[in-house]
Amino acid sequence: MQFGAITNSWRNHLMEQGLVDLIAEAEARGSRHIELRQTCLGTCETGQGEDWRPNLEGLQAVADRFTGLNFDLAMALPCLTQNVDPEGEQFQMALSGARIVGRDNPHLRLVDPSPLEGRWESPADIPAQALNLANLAREAARQGVILSLENSGQTIGSMAILVEECRKQLSAEEGDYLGLCPDPTNQLRRFPDSDPLGDLNALPLDMLKIVHFKQARGGDPHPSVDTGDLDCGEMLRLLEEKDYQGPAIMEIPPHPDVFDNLTASYDFLVAASGR
């Protein structure tokens, strides 16, 4: 498993420090993977919302500077609530950015920030717009880019149903490029009566493309991955039992001591794994 950081943890720091310096600090703290999140890329992006575009030259410079790190590119895209054009400029540029920073293993992580009504419990609950994800996945696969979906407004289990339905529209090879970025704490906040770790455990390994660790206490964000509302140690053990080898991102909130909190998060998980 590759412990890593995400650039939105440094949102406040980016007002005074460059992205390269912050990535260097994360690497010095033991990060092996960095998730480059839209809105928190400094000079490596322009615009907002539909006008957001990655700065491909800037991303290339980052990839060239940090040859010992792995990267993925992450963006907000209304891919479950609107019919996004796979040939559209924004999606195409995001795929290009993912290929640049991902090198031999490009990965674009998506989250739909739009509110979603109700929990999808069967394929019949999934709206037609969400199934358009298959077209995005087909284009991503054509370019050799892994496409993963984070569970923001749905449970991990609901998102697994969506991926399964979309894979039915794809060839087996194309379907391998489509998967999930499970975030159990997201689920616990939205569906406090659910079992996010049970849903995580039920996922097949091939659907796990990247995972997010975060913690809350009493529903409020906690500055590091530690004890709290979610058993993060158990989450790690479940992933290790599955032999998951991909990125494990500490999506900790912005904080003046965010890098100390990142180190504390890594130390907690190393202790929990008994390494």
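This is a predicted model: local features need pLDDT of at least 70, side-chain atom pairs count only at pLDDT 80 or more; totals for chains, interfaces and linings use all residues.
1. Helix 3 spans residues 89–102 and helix 5 spans residues 133–142. They pack at an angle of about 40 degrees. Their axes lie 11 Å apart. Helix 3 and helix 5 are therefore oblique to each other. Their crossing is right-handed.

2. Which residues make this contact of helix 3 and helix 5? Helix 3 gives Phe91, Gln92 and Leu95. Helix 5 gives Leu136, Glu139 and Ala140. By class, the contact of helix 3 with helix 5 has 4 nonpolar residues, 1 polar and 1 charged.

3. Helix 3 also packs with helix 2, which covers residues 56–65. The angle between helix 2 and helix 3 is about 15 degrees, and their axes are 8 Å apart. Angles under 35 degrees count as roughly parallel, so helix 2 is roughly parallel to helix 3. The crossing of helix 2 and helix 3 is right-handed.

4. Now the residues in the contact of helix 2 with helix 3. From helix 2 come Leu56, Leu59, Gln60 and Ala63. From helix 3 come Met93, Ser96, Gly97, Ile100 and Val101. The classes in the contact of helix 2 with helix 3 are 6 nonpolar, 3 polar and no charged residues.

5. A further pair to look at is helix 10 (residues 232–241) and helix 11 (residues 258–273). They pack at an angle of about 60 degrees, with axes 9 Å apart. Helix 10 is therefore oblique to helix 11. Is their crossing left-handed or right-handed? The crossing of helix 10 and helix 11 is right-handed.

6. On the helix 10 side, the contact uses Cys232, Gly233, Leu236, Arg237 and Glu240. These meet Phe268, Leu269, Ala272 and Ser273 of helix 11. The residues of the contact of helix 10 with helix 11 fall into 5 nonpolar, 2 polar and 2 charged.

7. Next, the largest pocket. Its volume is about 430 Å³. The lining of the largest pocket holds 22 residues. Which of them lie nearest its centre? They are Asn8, Glu150, Asn186, Lys214 and Glu251.

8. Which elements give two or more residues to the lining of the largest pocket? They are strand 6 (107–111) and helix 8 (184–190). Helix 8 supplies the largest share of the lining, 3 residues.

9. Finally, the residue classes in the pocket. The lining of the largest pocket has 8 charged, 8 polar and 6 nonpolar residues. For reference, the contact of helix 2 with helix 3 has no charged residues, and the contact of helix 3 with helix 5 has 1.

Methods:
Residues are numbered from 1 along each chain as its sequence is written. Side-chain values use heavy atoms; hydrogens and water are left out. On a 1 Å grid over the protein atoms alone, a cavity is a set of points where a 1.4 Å probe fits but cannot get out, and a pocket is an open set with protein on both sides within 12 Å along at least five of seven lines; lining residues have an atom within 4 Å of a point. Grid points are joined across faces, edges and corners, and a volume is the space filled by probe spheres set on the points. Helices (H or I, at least four residues) and strands (E, at least two) are DSSP runs, numbered from the N terminus. Ala, Val, Leu, Ile, Met, Phe, Trp, Tyr, Cys and Pro count as nonpolar, Asp, Glu, Lys and Arg as charged, and the others, Gly among them, as polar. Axes are lines fitted to C-alpha atoms, for helices over the stretch in contact, and angles run from 0 to 180 degrees between N-to-C directions. Angles under 35 degrees count as roughly parallel, over 145 as roughly antiparallel, 65 to 115 as roughly perpendicular and the rest as oblique. A crossing is left-handed if the near helix is turned anticlockwise from the far one by less than a right angle, and right-handed if clockwise. Contact means heavy atoms within 4.5 Å.
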